[in-house]
Amino acid sequence: ASNADEARLESAEYTWQSHVSTTKSHSLGELLTPQLKNYRISATHLNNFIDITSGGPQNFLLSNLLHFPQSLSPSAAMGSSVHKALQKAHQHLRVTDEKRPIEDVVGDFDNHLKLARLPSHDYVQQSQKGSDALRIFLENSYERFSPEQDVEFDFSSQGSTYDNVRLTGIIDVMNVDIKNKTIKVTDYKTGKPATSWKGASDFEKIKLHKYKQQLMFYKLLIESSRDFDGYKVEDLQLEFVEPTPTDKLVILKADFTNEDLSNFKKLLLAVWHNIANAKFIDTDKYEKNHKGILNFEKDLIT
């Protein structure tokens, strides 16, 4: 397409998007009735809503409710491909009681990455990065895989709710202790590993804030589900697939307090209320940083 064509397309998209996102809430609510009727919120949706550095409620509306197509960034395509390869490795172990050879797992990763159709220089870079990370990860962590683990457990038909908020999500790995009715959750992460919940840069603080909220969401999701009624989620952790520069692997255990969880429940109710009432707040007045996100959340709750 010519530059003029692209400019016209961009202008048309902008006009359409701005029309949708500034429509009066009662008519927007009518427009969204089919989407909202059986809507269930996931941790990703909640984090998209509060992340004003990436569009916040407007981005949530366009991406998660109206399903505007979005292209995966090279690093996101790599992360998604790593997840799929690890999922297949876990499932292979469950079915055969044997570990899939590491080279086959790396091959699965590369096959998935090819489907993303990245530009060739991005593909070469991400293929190398993901393959190296997977080899180091499996050489050090494969012994923790077990046939008893629940993998990629989908809660969409589990009827999970918190105070009338309908919840959904897919959890990477769950170790379920039937005898003691306890559950340990592991969520795989690609990208630079974090060795603590502090976060050095603003970008890392935002990332870790969303990770912590994701783990709290999982606790509510599991404990209110049909299959795990009466179970306690005792242990939640992030397992980083990519190593540190010195090839160390990092597991970051959740350390949220009861007060953190109580505040998160209030935030979840507030975000749900806004979505259910088609209120996609303009967040221009907030700073586009970690502090701005915290202020936006505080205002949502109060």
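The model is predicted, so local features need pLDDT of at least 70 and side-chain atom pairs count only at pLDDT 80 or more, while totals for chains, interfaces and linings use all residues. Residues are numbered from 1 along each chain as its sequence is written, and side-chain values use heavy atoms, with hydrogens and water left out. The largest pocket holds about 1,800 Å³ of space, and the second largest pocket has a volume of about 320 Å³. Helices (H or I, at least four residues) and strands (E, at least two) are DSSP runs, numbered from the N terminus.

**Helix packing**

- Two packed helices are described by the angle between their axes and the distance between the axes.
- Axes are lines fitted to C-alpha atoms, for helices over the stretch in contact, and angles run from 0 to 180 degrees between N-to-C directions.
- Angles under 35 degrees count as roughly parallel, over 145 as roughly antiparallel, 65 to 115 as roughly perpendicular and the rest as oblique.
- Helix H3 (residues 43-50) packs on helix H4 (residues 56-65) at an angle of about 140°, and their axes are 6 Å apart; H3 and H4 are therefore oblique to each other.
- In this contact (heavy atoms within 4.5 Å), H3 supplies His45, Asn48 and Phe49, and H4 supplies Gly56, Pro57, Asn59, Phe60 and Asn64.
- The contact of H3 with H4 has three nonpolar, five polar and no charged residues; Ala, Val, Leu, Ile, Met, Phe, Trp, Tyr, Cys and Pro count as nonpolar, Asp, Glu, Lys and Arg as charged, and the others, Gly among them, as polar.
- H8 and H10 have axes that come within 9 Å and cross at roughly 35°.
- On the H8 side the residues are Asp202, Lys205, Ile206, His209 and Gln213, and they meet His290, Ile293, Leu294 and Glu297 in H10; the contact divides into three nonpolar, three polar and three charged residues.
- For H9 and H10, the axes come within 8 Å and cross at roughly 75°, which makes H9 roughly perpendicular to H10.
- Glu297, Leu300 and Ile301 in H10 meet Asn263, Lys266, Leu267, Ala270, Val271 and Asn274 in H9, with five nonpolar, two polar and two charged residues in the contact.

**Aromatic pairs**

- There are 12 aromatic pairs in the structure; rings of Phe, Tyr and Trp (its six-membered ring) pair if their centres lie within 6.5 Å, and planes under 30 degrees apart count as stacked, over 60 as edge-to-face and the rest as tilted.
- Phe49 and Phe296 form a stacked pair, because their ring centres are 6.4 Å apart and their planes lie at 15°.
- This pair links distant parts of the chain, with Phe49 in helix H3 and Phe296 in helix H10 (residues 290-301), 247 residues apart.

**Pockets**

- On a 1 Å grid over the protein atoms alone, a cavity is a set of points where a 1.4 Å probe fits but cannot get out, and a pocket is an open set with protein on both sides within 12 Å along at least five of seven lines; lining residues have an atom within 4 Å of a point.
- Grid points are joined across faces, edges and corners, and a volume is the space filled by probe spheres set on the points.
- The largest pocket is lined by 43 residues, of which Thr44, Asn48, Ala76, Lys189 and Tyr211 are the closest to its centre.
- H5 gives the largest share of this lining, eight residues, and the lining of the largest pocket divides into 10 nonpolar, 22 polar and 11 charged residues.
- The second largest pocket has 14 lining residues, and His209, Gln213, Asp260, Asn263 and Glu297 lie nearest its centre.
- H8, helix H9 (258-276) and H10 each supply at least two residues of the lining of the second largest pocket, and H9 gives the most, with five residues.

**Cavity**

- The structure holds one cavity of 30 Å³ or more, and the largest cavity has a volume of about 40 Å³.
- Its lining consists of His83, Leu86, Gln87, Val151, Glu152, Asp172, Val173 and Tyr188.
- H5 gives the most to the lining of the largest cavity, with three residues.
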